[in-house]
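Subject: Structure for your review

Dear colleague,

Please find below the sequence and structure that I am handing over to you. My notes on what was found follow directly after.

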Amino acid sequence: MLTQDTCHIRLSEMKDADQLMELDALVWTDQTSPAPMQWRSRQQYLQHCPPGSQLVATMGDRVCGLVGFRPATGMHSNSHVYEIHIAVHPEYRRNGIATSLMDAMKRHASEQGIRKLRLRVLSSNAGAVAFYERCGFKMEGRLVAEFYIHGQYVDDILMGFFVEG
């Protein structure tokens, strides 16, 4: 497992953009997402994921994981909810980075007055579903046969976690 000395978690900065774009390309494949993540440019990436919209795990100068967050909708009545996504570089998996990021996300959400975290995960990604359940997320809904990937219908699972205040 990683320790505080080897892994640092902080808000994303402008300097992280290139590594974060690479991480998206590596992690968001047709096994983990309805479509691979392809950014056309650094500018497009920064418009969609501005500095401070992600917590990043770093080891030295290397970004090894992220958890992105944003308001779930633009509605004031829903402003207490963040939609999140998490990714860990394949070379750094099984080292506790995802758990550290999720713990940091829960603390950050609490500090920001956020009461609920929500996410979506493909039913075909059993490892991710199990991870989220270990982190305390509960299934709140299931969109049956929402995607057609590699000749198979795949459900979109909606999960939520209530943040302690």
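The side chains of Glu13 and Arg10 form a salt bridge, with an N to O distance of 3.9 Å; the term denotes a side-chain nitrogen of Lys or Arg within 4 Å of a carboxyl oxygen of Asp or Glu. Arg10 is buried because its relative accessible area is 17%, whereas Glu13, at 35% relative accessibility, counts as partly exposed. Here buried means under 20% relative accessible area, exposed over 50%, and partly exposed in between, computed with a 1.4 Å probe on protein chains only.

Please note that this is a predicted model, in which local features need pLDDT of at least 70 and side-chain atom pairs count only at pLDDT 80 or more, while totals for chains, interfaces and linings use all residues. Residues are numbered from 1 along each chain as its sequence is written, and side-chain values use heavy atoms, with hydrogens and water left out.

The structure holds eight salt bridges. One of them joins the side chains of Lys116 and Glu140 at 3.0 Å, N to O. This pair links distant parts of the chain, as Lys116 lies in strand β5 (residues 116-122) and Glu140 in strand β6 (residues 138-149), 24 residues apart. Strands (E, at least two residues) and helices (H or I, at least four) are DSSP runs, numbered from the N terminus. Lys116 is buried at 16% relative accessible area, and Glu140 is partly exposed at 44%.

A further salt bridge brings together the side chains of Asp156 and Arg120, at 2.4 Å from N to O. This pair also links distant parts of the chain: Asp156 belongs to strand β7 (residues 152-162) and Arg120 to β5, 36 residues apart. Asp156 is buried, with a relative accessible area of 3%, while Arg120 is partly exposed at 45%.

I turn now to the strand pairing. Strand β2 (residues 54-59) is largely enclosed by the rest of the structure, because five of its six residues are buried. Strand β1 (residues 8-11) pairs with β2 in the antiparallel sense over four bridges; two strands pair if DSSP finds at least two bridges between them. In this arrangement, His8 stands opposite Thr58 in β2. Strand β3 (residues 62-71) also runs antiparallel to β2, and six bridges join the two. Gln54 stands opposite Gly68 in β3. The hairpin of β2 and β3 has two residues between the strands, and Gly60 there takes a positive phi near 65 degrees.

Yours sincerely
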